[in-house]
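I opened the notebook with a few things to look up: sheets, packing helices and aromatic rings. Here are my entries, in the order I made them.

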Amino acid sequence: MSANVRRPLLRLNRQPIDNSWYLVVLLGLLFMFWVYARYIERVDVALVQNWLIARQLAVLAELPGLSFILSFFHWKVLRHVLAVSAGWYFARDAALVLVRVLYDLPDRDSARKFLVRLLGSGGAVQDTPEVSPATLAAERRNSVLLRVGGPGSVKVPAGHVMVTELNGRFQRILSTGKHTLGRYEYIHAVLNLQSQERADPDFAAYSRDGIELRVGLSMVYRLKLGDQVATRENPYPFDETAVRTAAYAQTVTDDRGSVATWEDTPLAMARSTMVGILAGFRLDEIISPQRSGEEPYRTLRNELLRQLRGKLDGLGIDLQAVSITRIDLPPGVTEQYIEFWKSHWESQMLLSLIDGTATAVEEMEIARAEAEIMMIQAIQEGVQRARREGATAHMDEVIALRLVEALELMARNSQQATPLPNSLIPQLDSLRKQLRDGDSDANTSGKPAP
């Protein structure tokens with residue numbers, strides 16, 4: 001950047017010219033003009049002395065230098081001074097009108113007081129207003145000091161800090177107490193250093209599967225302390241960089257010119273962050289976690305706290321606490337959600353029933369196959385036993401006996417899993433005994449049964 005470009009930028013924030021000496025210069029010029037007016041009128045001192053003697057003021061006429069001084073008040077000299085006074089009056093009136101129009105002042109008296117303060121003559125006496133964030137906008141419309149700037153005195157309430165500007169650029173930070181503003185020093189903002197608590201009990205968000213949620217948040221925050229420590233003498237320390245950043249964190253929110261300050265930013269940022277976090281979770285993960293020990297609220301809060309601290313840190317704001325007060329479904333969505341879960345669990349029950357039926361059929365088929373194998377083994381064992389005993393003539397009784405014994409064994413084994421008729425096992429036992437008795441009689445006689 002060249003030197004020619006750099007010089008105008010440096011002039012933007014320079015101090016206004018101190019013109020407190022202008023009254024002395026004006027009075028000096030007026031006196032010189034008065035002397036010049038006497039000189040051109042050539043008032044004779046002897047005429048002044050004769051005028052005093054004629055009015056029986058000979059004592060004054062004998063005082064050295066008094067006649068010369070009184071010659072300045074001769075009507076021939078005063079007519080020139082009165083013309084200057086009239087010009088001064090009309091110039092002052094034009095200045096008052098100009099100041100009133102330029103600064104949009106309500107009346108001439110306000111313009112006169114402001115002009116007196118601006119010129120530093122000290123003729124205007126005013127109360128020292130106490131300016132807070134809540135009253136700054138309202139009082140700015142009625143106070144010339146707050147709307148235009150100094151010179152003047154202001155009071156910063158306890159627990160607050162004031163940021164001033166000069167020529168539209170940052171000037172300084174004023175802490176708690178009474179301060180004197182310089183010429184055209186403008187109060188840009190008043191910030192509250194105490195902890196701020198904000199809450200939004202109901203706003204809309206959407207889960208990952210597109211279901212609307214009603215969410216509530218509350219949070220506590222304040223401006224950064226910096227390296228300072230709170231003491232009895234300084235109960236509200238602050239970081240100057242954080243104060244300067246927060247003072248200029250202003251956003252126009254609508255067409256009417258409403259301005260959101262740093263106090264409104266954290267809650268708006270918390271809402272948008274929460275909406276983004278909830279968009280990454282399904283509804284069932286938020287409302288009813290499947291794994292035991294999961295706490296969706298704590299998980300969401302920790303994620304919200306982590307993201308918000310990173311965002312607010314760059315704005316000079318220290319986030320102290322944040323909590324999720326509610327995550328609910330709207331009434332209509334609640335009914336739809338209940339119907340969804342009802343159909344979901346009905347389908348799960350149907351699937352379980354179908355799965356159980358298929359398992360039972362599979363087990364029955366396995367049991368039937370095992371029974372057939374057992375019967376074949378029983379028949380094979382009966383044939384082999386009959387051959388060993390040489391009772392091939394009674395082979396059918398032996399095979400029948402082994403089949404009955406196999407059936408009885410299967411019935412007793414399956415009785416624990418599946419209920420059987422009460423008369424089944426006694427009938428099989430009676431049939432087994434009859435076949436065994438018949439087999440014994442045949443072995444005794446050595447003859448085949450008829």
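Before the first entry, I noted that contact means heavy atoms within 4.5 Å. I took axes as lines fitted to C-alpha atoms, for helices over the stretch in contact, with angles from 0 to 180 degrees between N-to-C directions. Helices (H or I, at least four residues) and strands (E, at least two) are DSSP runs, numbered from the N terminus. Two strands pair if DSSP finds at least two bridges between them.

I also kept in mind that this is a predicted model, where local features need pLDDT of at least 70, side-chain atom pairs count only at pLDDT 80 or more, and totals for chains, interfaces and linings use all residues. Residues are numbered from 1 along each chain as its sequence is written, and side-chain values use heavy atoms, with hydrogens and water left out.

**Entry: the sheet with β2**

I looked up the strand order and found an open sheet of 3 strands, β3-β2-β5, with antiparallel pairing. β3 (169-174) and β5 (186-192) are the edge strands; each has a single partner strand, so one side of each lacks a neighbour in the sheet. On average, and ignoring direction, neighbouring strands here are turned by 25° against each other.

Which helix touches β2 and β5? I found α8 (residues 133-142) packed on the sheet there, its direction making about 155° with that of β5. Helix α10 (residues 240-247) lies across β2, β3 and β5 and runs at about 110° to β5.

I then followed the pairing: strand β2 (residues 160-166) runs antiparallel to β3 and is joined to it by 5 bridges. Thr164 has Arg172 in β3 as its bridge partner.

**Entry: the sheet with β7**

Here I found another open sheet of 3 strands, in the order β6-β7-β10, and its pairing is antiparallel. The edges are β6 (196-206) and β10 (317-328), each with a single partner strand, so one side of each has no neighbour in the sheet. Neighbouring strands of this sheet are turned by 20° against each other on average, direction ignored.

How many bridges pair β7 with β10? I read 10 bridges, in the antiparallel sense, for β7 (residues 212-223) and β10. Arg222 faces Asp318 of β10 across the pairing. Helix α13 (residues 296-313) packs on this sheet and touches β7 and β10, with its direction at about 145° to that of β10.

**Entry: β1 and β4**

I checked burial next, with buried meaning under 20% relative accessible area, exposed over 50% and partly exposed in between (1.4 Å probe, protein chains only). Strand β1 (residues 152-156) is mostly covered, as 4 of its 5 residues are buried. β1 and strand β4 (residues 177-181) run antiparallel, joined by 5 bridges, and Val154 stands opposite His179 in β4.

**Entry: aromatic rings**

For rings of Phe, Tyr and Trp (its six-membered ring), I counted a pair if the centres lie within 6.5 Å, with planes under 30 degrees apart as stacked, over 60 as edge-to-face and the rest as tilted. My search of the whole structure gave 2 aromatic pairs. Tyr89 and Phe90 form an edge-to-face pair, 5.5 Å centre to centre with 75° between the planes. Tyr89 is partly exposed at 46% relative accessible area, and Phe90 is exposed at 57%.

Tyr221 and Trp262 have ring centres 6.1 Å apart and planes at 80°, so this pair is edge-to-face. The pair links distant parts of the chain, 41 residues apart: Tyr221 is in strand β7 and Trp262 in the loop between β9 (259-260) and α11 (265-278). Are these two residues buried or exposed? Both Tyr221 and Trp262 are buried.
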